[in-house]
Amino acid sequence: FTLTTPSYFLSAPRPADVPALATICADPDIQRWTTIPAGYSRSDAEAFVTEFAPRKWAEGSPVWLIRHTSQSAPLGCVQVDVTGNGRIGRLGFWAAKEARNTGMVTEAVRAALEYFFDKTDLAAMHWDCEVQGSDINWASAKIAWKLGFSFLGIRPAVTVNKGEVYGLFQATLQRGEAMEPAHGWFGPSEK
């Protein structure tokens, strides 16, 4: 199924997206802050479109690409892993370099949250990002903050990505909570 916002169209990946995905996901920031393979290539994009995304959809865990129109190239991605008999979600997202700091991801993630809280039995959506040394993906954290997530803190040494052990900066939004900041921004002002 698809989701729409006033400015964007969210739909499943399709074969025509492979070239754009190969280019977008080769970006060092996406490779640093997500679990996509290092050295992302066209074959990785093909596997994402033909194997990973269809498997996730079949499991009830949507993977949407964010587009300007139903036929345009992807600009970003929103993924929700659903567990606990449909009661718990884990949110992930990324954006092409040219689409960052435009409000696109916030708008797309809001649509996904509204869908899950309005149309399903989801009780809570979790967000996290890796803590790499003393660095946090503040741009991702700011999107979660804008959408009302409550920050829980850092859980050390809890995940492995590309062979490295990292902590996770974690936040949660529960059904019925307002999708707006509950407090002032606490991260760096430049992100």
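Contact here means heavy atoms within 4.5 Å. With that in hand, let's tour this structure, which is a predicted model: local features need pLDDT of at least 70, side-chain atom pairs count only at pLDDT 80 or more, and totals for chains, interfaces and linings use all residues. Residues are numbered from 1 along each chain as its sequence is written, and side-chain values use heavy atoms, with hydrogens and water left out. Helices (H or I, at least four residues) and strands (E, at least two) are DSSP runs, numbered from the N terminus. Buried means under 20% relative accessible area, exposed over 50%, and partly exposed in between (1.4 Å probe, protein chains only).

**The nonpolar cores**
- A nonpolar core is a set of buried Ala, Val, Leu, Ile, Met, Phe, Trp, Tyr and Cys residues joined through side-chain atoms within 4.5 Å.
- The largest one has 41 residues, and the members touching the most others are Val78, Leu113, Met125, Trp127, Phe149 and Phe169.
- At least two residues of this core come from each of strand 3, strand 4, strand 5, helix 4, strand 6, helix 5 and strand 9.
- Helix 4 gives the most, with nine residues.
- Setting aside neighbours within four places in sequence, Phe149 is in contact with Leu91, Leu113, Met125, His126, Trp127, Ala144, Ala171, Thr172 and Leu173.
- Another core, of 17 residues, lies apart from the largest one; Val18, Cys25, Val49 and Ala96 are among its members.

**Helix 3**
- Helix 3 covers residues 42-58, and its end C-alpha atoms are 23 Å apart, which agrees with the 24 Å that its 17 residues should span at 1.5 Å a residue; the expected span is 1.5 Å times one less than the number of residues.
- A kink of about 45° is centred on Phe48, where the bend is the angle between axes fitted to the seven residues ending there and the seven starting there.
- Its buried residues are Ala45, Phe48, Val49, Ala53 and Lys56, and they pack against helix 1 (18-24), strand 3 (63-67) and strand 4.
- After helix 3 comes Gly60, with a positive phi near 85°.

**Cys77**
- You will find Cys77 in strand 4 (residues 76-83), and this residue is buried, with a relative accessible area of 3%.
- Beyond residues up to four places away in sequence, Cys77 touches Phe48, Val63, Trp64, Leu65, Ile66, Gly92, Phe93 and Trp94.

**Helix 5**
- Seven of the nine residues of helix 5 (residues 138-146) are buried, including Trp138, Ala144 and Trp145.
- Among the elements covering these buried residues are helix 4 (104-119) and strand 6 (124-132).
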